[in-house]
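Have the viewer open and follow along as we go from the overall layout down to single residues.

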Amino acid sequence: MTETTQRIPGIDDIPEWARFTATENRQYLQGGLRHWDGPLQRVVSPIPLRDSRGGVAQAHLGAVPQLSSAVAEASVRTAAEAFDAGDGPWPSLSLEQRADIVRTFVANLRPLRERIALHIMWEVGKVYEEALNEFDRTLEYTLETIDAALDLDKRERRDTSLQQVVGRVDLLPVGVALCVGPYNYPFYETLTNAIPALLMGNTVIIKAPPQGGLLYGLLLPVFARHFPDGIVSVLFGDGEELLLPIMRSGRVSILAFIGTSATADALITAHPAPHRLHTVLGMEAKNAGIVMPDAPMEITVEEVVKGALAFNGQRCAAIKILFVHAEVADDFVARLRERFAATTPGMPWEDVRCTPVISEGHAAYLEGLIEDALAQGASLENEGGGQRQLTLMQPALLSGVREGMRVFDEEQFGPILPVVPFQRVDEALHYIKHARYGQQCSVFGSDPSVLRRIVTASARYVGRVNINGKCQRGPDHFPFTGKRDSALGTVSIEEALRRFCISTVIATPEYPENTALWKRLS
Ligand code: G3H
């Protein structure tokens, strides 16, 4: 038995509180809760388990409906009819009325906290504490979104008189919003689009992610209880089978999508009138870190390790390539080597940072990136880095990475940190400037004049520059966006609200008669 196999538990090794009972969800939401008699999609965990004969396989978690394109078409028809060009009962409610409903919805989600976190842990392999944090962060985001919406609406509605015209702005919904989120934040990334969309009066179709989709079975009755039929649909199954017919219908007004740019393009171009489609897109990233010779070493090591390895590097905002000044490269890589060597992956109910990666296929892809880099002259700094048993993979620190290696350009979305030495900071800036992606970067240093120059340059290329800190989305009040192939549109608590509505002006020229009428109207 290898060392990694020894870390793979059998059922009896799992603490009682962390065990998962396989569940089969046969329900979906489309014009009310519905039962599905058709084929099911099997759900497996990234977590490998050892059986009594020593064999190892990914845990079986249950199944979700593998809905058909006919169901997808029905759901978009239902959502469009429920919206009814803005005349439907949901968009016709006042913002205050919708806010009350969303608030009660959130209150009724709260008791599901531990069950949802357990789902997140098993479905995507996230450490339990982080899964709880994903739940809490989502609810907090939702409640703050409600307050922000009421505040924004009040500000916009205020009368403004300019050039003899008095008017106000009403924030009105757009139509049907299709919300598609990723597996890495199966709860947070989908709901932080779906909730602002609903709050602003749109009708919503949620496509549950393939991993992290089983947890939506828990949400179905809560959605059904709080939102009138047709306002929210929740679909399960194959993305292509469901999403393409929905887009081809031409009935979607907003696509809120987090995933790859190739899929975003396929969905947008499937829409018969893409010029009417509002989009909120979060796509790939290859966030770079730049370590200058005067970087505060302890902080830098800490932030780089967190940035590269939190949730196995399976975060869009992970640090995915690190440029280290040649003057400190040996020392810095040695410090990282120590940290990587001490990072032993384990099970998400244990006290670990790294857990099994999302699938065996992805683990094999990561292995391919490491092999390619090593074949082209990179060095593996930590012994055993990249070794794996199914999905349980030892993080890998690669030094001597350079252009031409796949890991230099491709978004690994996994526990590999490629390190590129540089002599002149322009080499690192050149990478950031010419990369396909432009989400964030991190700069580590102490000299304000050097930092100012790097920050000013890199801010032109990416959506956020972090100084002596890892790349990250939070705090959620900050705009989260990216440039080039990384994102389209900005989300933050307030900006997300603006993405899901259209500022509609009601105005009148200020003739005395009109002014008198205006006062009586308001
Ligand atoms: O996967 C992308 C996440 O939105 C980034 O959020 O920085 O909190 O991991 P995070």
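This is a predicted model: local features need pLDDT of at least 70, side-chain atom pairs count only at pLDDT 80 or more; totals for chains, interfaces and linings use all residues.

As for how they meet, 14 residues of domain 1 are in contact with 13 residues of domain 2.

Now for the insides. In soluble globular proteins, nonpolar side chains tend to be buried together. Here the largest nonpolar core has 113 residues, and Trp 122, Phe 187, Ile 206 and Phe 223 are the ones with the most contacts inside it. Helix H6 (residues 128-157) is the biggest giver to this core, with 10 residues. The core also takes at least three residues from each of domain 1 and domain 2.

In H9, Leu 242, Leu 243, Leu 244, Pro 245, Ile 246 and Met 247 are buried. And what covers them? The cover includes H2, S8, strand S9 (203-207), strand S10 (232-235), strand S11 (252-258) and helix H10 (261-270). Just past the end of H9, Gly 250 has a positive phi of about 75°.

On to the rings. A search of the whole structure turns up 14 aromatic pairs. A pair of aromatic rings is described by the distance of the centres and the angle of the planes. Phe 135 and Phe 187 make a stacked pair, with 5.3 Å centre to centre and 10° between the planes. Phe 135 belongs to helix H6 and Phe 187 to the loop between strand S8 (176-180) and helix H7 (188-199), so this pair ties together parts 52 residues apart in sequence. Both Phe 135 and Phe 187 are buried.

For a tilted pair, look at Phe 323 and Tyr 431, at 5.0 Å centre to centre with 50° between the planes. Phe 323 sits in strand S14 (residues 319-325) and Tyr 431 in helix H15 (residues 425-434), so the pair links parts that are 108 residues apart in sequence. Phe 323 and Tyr 431 are both buried too. Elsewhere, ring pairs join Trp 90, Phe 105, Phe 223 and Phe 227 into a cluster; you've already met Phe 223 among the residues with the most contacts inside the largest core.

Rings also come up around Lys 126. Lys 126 lies over the face of Tyr 185, 3.8 Å from the ring centre. Its charged end also sits over the ring of Phe 311, 4.9 Å from the centre of that ring.

Gln 394 is in the loop between strand S17 (392-393) and strand S18 (396-399). Is Gln 394 buried or exposed? With a relative accessible area of 13%, Gln 394 falls under the 20% cut-off, so it counts as buried. A polar atom of the Gln 394 side chain lies 3.0 Å from the backbone oxygen of Thr 343. Not counting residues up to four places away in sequence, Gln 394 touches residues including Arg 7, Phe 340, Thr 343, Pro 345 and Gly 385.

Last stop: the backbone. Most residues other than glycine have a negative phi, and most peptide bonds are trans. Asp 84, in the loop between helix H2 (69-83) and helix H3 (89-92), has a positive phi near 50°. Asp 84 is partly exposed, with a relative accessible area of 42%. Arg 484, found in strand S23, also has a positive phi, of about 50°. Arg 484 is partly exposed as well, at 36% relative accessible area. Finally, a cis peptide bond joins Gly 474 and Pro 475, with omega about -10°. Pro 475 is in the loop between strand S22 (464-467) and strand S23 (483-484).

Notes. Residues are numbered from 1 along each chain as its sequence is written. Side-chain values use heavy atoms; hydrogens and water are left out. Helices (H or I, at least four residues) and strands (E, at least two) are DSSP runs, numbered from the N terminus. Buried means under 20% relative accessible area, exposed over 50%, partly exposed in between (1.4 Å probe, protein chains only). A polar contact is a pair of N or O atoms within 3.5 Å; within protein, one must be able to donate a hydrogen and the other to accept it, and residues adjacent in sequence count only if both atoms are side-chain atoms. Contact means heavy atoms within 4.5 Å. A nonpolar core is a set of buried Ala, Val, Leu, Ile, Met, Phe, Trp, Tyr and Cys residues joined through side-chain atoms within 4.5 Å. Domain bounds come from an automatic or database domain assignment. Rings of Phe, Tyr and Trp (its six-membered ring) pair if their centres lie within 6.5 Å; planes under 30 degrees apart count as stacked, over 60 as edge-to-face and the rest as tilted. A charge sits over a ring if NZ of Lys or CZ of Arg is within 6 Å of the ring centre and within 35 degrees of the ring normal.
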